[in-house]
Amino acid sequence: MLEPLFAPSVQHTLDLIGIFVFAISGALLAVRKNFDVFGIAVLAEVTALGGGLFRDLIIGAVPPAAFTDLGYFVTPLLAALLIVFLHPQVERIQLGVNVFDAAGLGLFCVTGTTKAYDYGLGLTQSATLGLATAVGGGVLRDVLANEVPSLLRWDRDLYAVPAIVGATMVVLCIRYDTLTPFTSSLAAITAFVLRLLAMRYHWRAPRAWNRRSTVREE
């Protein structure tokens, strides 16, 4: 077993914060799509918990934490309720929401990777599930909202790449027996900072060389 990133109580609090912020992003998209209250709640839950549910089902951690810890299930509902009544105000602080979203991305790519490794997966597979934990909820959110997932769109700032970097740092530390709370935190911070820089400078992944696409650019 790997040394935990934080004390259990601290880890639980950070998880809830990350879940809350991811849920806000899902609820905001639901409002923009003119969903009703139930749709807003569903999109908040899926965005917040989708990545972790996918990881837990793959590694056999059943029932998933989202169904054994009431806080994990209720927190997205609270975020959805907040958006139902205060979405204009939340929209105005979108930058702050994005910062917390980036922090959640950094945290979840690290904790997802370490949890997958603890359940016996190899290094590459663990890093892959770390990425899925961080971005899976956003992919499900976009699919349910009938949008091309942001993860796949060239015109969106880098999102998956920072998570890949963070997860890769974790498995390298595992490989060379240097994974500690400090190096784990460093990986999470690196992913967080990369995401912030991508948003600030609009870094995007390159597209195919000599592309000849008939798809209209948005």
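I'll start with a charged pair: E147 forms a salt bridge with K33, and their closest N and O atoms are 3.3 Å apart. By salt bridge I mean a side-chain nitrogen of Lys or Arg within 4 Å of a carboxyl oxygen of Asp or Glu. E147 sits in the loop between helix 6 (123–144) and helix 7 (160–175), and K33 sits in the loop between helix 1 (8–32) and helix 2, so the pair ties together parts that are 114 residues apart in sequence. The helices here are DSSP runs (H or I, at least four residues), numbered from the N terminus.

Before I go on, a word on where this comes from. This is a predicted model, in which local features need pLDDT of at least 70 and side-chain atom pairs count only at pLDDT 80 or more, while totals for chains, interfaces and linings use all residues. Residues are numbered from 1 along each chain as its sequence is written, and side-chain values use heavy atoms, with hydrogens and water left out.

R141 is buried, at 14% relative accessible area, and D142 is buried at 2%. Another links R153 with D155, where the closest N and O atoms are 2.9 Å apart. R153 has a relative accessible area of 17% and is buried; D155, with 16%, is buried as well. Then there is a network: salt bridges that share partners join R55, D56 and K115.

The axes of helix 2 (residues 37–59) and helix 5 (residues 94–118) come within 10 Å and cross at roughly 10°. Axes are lines fitted to C-alpha atoms over the stretch in contact, and angles run from 0 to 180 degrees between N-to-C directions. That makes helix 2 roughly parallel to helix 5, a label for angles under 35 degrees. Which residues make the contact? Helix 2 supplies R55, D56 and I59, and helix 5 supplies G112, K115 and A116, with contact meaning heavy atoms within 4.5 Å. By class, that is 2 nonpolar, 1 polar and 3 charged residues.

Last topic, aromatics. There are 2 aromatic pairs, a pair being rings of Phe, Tyr or Trp (its six-membered ring) with centres within 6.5 Å; planes under 30 degrees apart are stacked, over 60 edge-to-face, and the rest tilted. F22 and F108 are edge-to-face, 5.4 Å centre to centre with 70° between the planes. F22 lies in helix 1 and F108 in helix 5, so this pair ties together parts 86 residues apart in sequence. F22 is buried, at 4% relative accessible area, and F108 is buried at 7%. Y201 and W203 are stacked, 6.2 Å centre to centre with 20° between the planes. Y201 counts as partly exposed, at 49%, and so does W203, at 36%.

Notes
Helix = DSSP H or I, 4+ residues; strand = E, 2+ residues; numbered from the N terminus. Parallel < 35°, antiparallel > 145°, perpendicular 65-115°, else oblique. Nonpolar A, V, L, I, M, F, W, Y, C, P; charged D, E, K, R; others polar. Buried < 20%, exposed > 50% of the residue type's maximum accessible area, 1.4 Å probe, protein only.
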